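Let us learn to read a protein model by asking about one feature at a time. Please look at the sequence and the structure first.

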Amino acid sequence: MLKVRFNAMKYFFVFLIYVACSCASLPKVNTLIYENDFEEGVENSKILNRIKSNGLSNSHNLSFQYSKGSEENRYARIVPDPLNENNNVLDMNISSKGLEARQRVQASFSSVPNLKEIRQTVRVFFSPDMEHLTQYQNAFTWLILAEWWNSAPKNWNTPNVYRVSLRAVKAEGNNKSLHFKVDAQSVTYSKQRPRMGTGAIFKTEWEKTNKKFVIPYGKWLTFEYHIKAGDSENGLFYMSVTPDDGKKQVIFNIKGATQSLNYNENQSYNFWSPMKLYTSDEISDFMLKNRKSLQVYFDDLKVWKLNN
């Protein structure tokens with residue numbers, strides 16, 4: 001009788017191990033929630049406010065935000081591909097100082113519920129004008145190309161705000177190349193809306209610069225991102241770049257916190273910008289004085305929501 005019980009217990013524990021391993025190895029389900037090749041249903045000459053997916057019937061809208069100013073200062077619009085006039089692409093452009101100390105053109109999502117893990121691909125083309133930034137004497141880190149907000153603030157009392165930002169950065173001195181940097185910041189706000197500025201206090205939790213990859217100009221690159229909400233042991237930020245004429249290069253593969261240290265289960269990526277130009281008026285003014293524009297083209301955006 002004792003031997004029978006022992007065998008029964010042995011098989012029971014084997015069964016538990018099997019179930020645990022099976023659950024741990026469940027594949028992730030990739031759900032395509034947005035795609036756009038910027039070809040159909042979009043007017044070429046109109047400054048953009050919102051674009052629906054052109055491949056999905058139940059996708060989420062991509063909306064555009066701008067700093068104060070006019071279309072002459074900044075815009076996002078559909079234009080012919082600079083290398084192929086038969087292909088349409090998204091053109092983001094900041095060409096003058098505008099009316100704020102921050103210059104912004106961005107395309108964002110804010111309506112995807114319970115979004116905690118994202119994969120995204122997009123083609124990116126830095127215009128030849130952007131190379132003039134290498135002549136800017138000072139170092140800079142304020143040129144954001146994409147951003148993911150976990151628990152983005154709905155009001156000035158929103159707790160546990162956290163963001164991950166992809167940047168193009170430059171060291172001090174002339175003829176310094178641009179590189180990619182990613183950082184994660186916890187964000188707190190003043191309890192009352194300030195008269196000047198945003199009232200936001202940013203604390204950098206971690207940062208990483210890839211100094212080996214030099215940002216090229218005048219050629220198409222495919223960016224791939226994978227970001228997963230988690231603490232310092234479970235969070236993930238991954239980015240690779242594949243030039244049209246080259247091999248895939250992993251820029252970042254970072255295990256680190258991508259959510260607030262005071263995270264709760266109700267938080268998610270409730271606002272994120274897969275395509276963005278955000279910088280200071282000093283940088284945009286430098287480009288204007290030299291008759292250059294901050295200009296980046298984007299094409300073939302695809303976004304997946306990942307679930308276990």
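Q: Where does P82 lie?
A: P82 lies in the loop between β4 (74-81) and β5 (84-94). Strands here are DSSP runs of E with at least two residues, helices are runs of H or I with at least four, and both are numbered from the N terminus. This is a predicted model, in which local features need pLDDT of at least 70 and side-chain atom pairs count only at pLDDT 80 or more, while totals for chains, interfaces and linings use all residues. Residues are numbered from 1 along each chain as its sequence is written, and side-chain values use heavy atoms, with hydrogens and water left out.

Q: Is P82 buried, partly exposed or exposed?
A: Start with the cut-offs. Buried means under 20% relative accessible area, exposed means over 50%, and partly exposed is in between (1.4 Å probe, protein chains only). P82 has 37% relative accessibility, so P82 counts as partly exposed.

Q: How many residues apart in sequence are P82 and G218, and what is the C-alpha to C-alpha separation in space?
A: They are 136 residues apart in sequence. In space, the C-alpha atoms of P82 and G218 are 8.5 Å apart.

Q: How do I read strand pairing?
A: Two strands pair if DSSP finds at least two bridges between them. Take β7 and β12: nine bridges join them, and they run antiparallel. F125 has W220 in β12 as its bridge partner. On to β12 and β13: eight bridges join this antiparallel pair. There, E224 has S240 in β13 as its bridge partner.

Q: How many residues of β12 are buried?
A: Seven of its nine residues are buried, and β12 is mostly covered.

Q: What is the order of the strands in the open sheet of eight strands?
A: The order is β2-β3-β6-β15-β8-β9-β10-β11, with antiparallel pairing. The edge strands are β2 (50-51) and β11 (200-210), and each pairs on one side only. Inside that order, β8 and β9 (residues 161-170) pair over six bridges in the antiparallel sense. I144 stands opposite R167 in β9.

Q: How do I read a salt bridge?
A: Side chains of opposite charge can pair when their charged atoms come close. The cut-off is a side-chain nitrogen of Lys or Arg within 4 Å of a carboxyl oxygen of Asp or Glu. A search of the whole structure finds ten salt bridges. One of them joins R119 and E224, at 3.1 Å from N to O. This pair links distant parts of the chain, with R119 in strand β7 and E224 in strand β12, 105 residues apart. R119 is partly exposed because its relative accessibility is 23%. E224, at 17%, is buried.

Q: Which residues are linked with R119 in a network of salt bridges?
A: The network links R119, E224 and K248.

Q: Where do K255 and E233 lie?
A: K255 is in strand β14 (residues 249-255), and E233 is in the loop between β12 and β13 (236-243). They are 22 residues apart. Their side chains meet in a salt bridge of 3.6 Å, N to O. K255 is exposed at 56% relative accessibility, and E233 is exposed at 54%.

Q: How many residues apart are D285 and K289?
A: Four, about one turn of the helix, as both lie in helix α2 (residues 281-289). D285 is buried, with a relative accessible area of 18%. K289 is exposed at 64%.

Q: Which residues have the most contacts inside the largest nonpolar core?
A: A nonpolar core is a set of buried Ala, Val, Leu, Ile, Met, Phe, Trp, Tyr and Cys residues joined through side-chain atoms within 4.5 Å. The largest has 67 residues, and F126, W148 and F180 have the most contacts inside it. Strand β16 (residues 294-307) gives the most to this core, with five residues.
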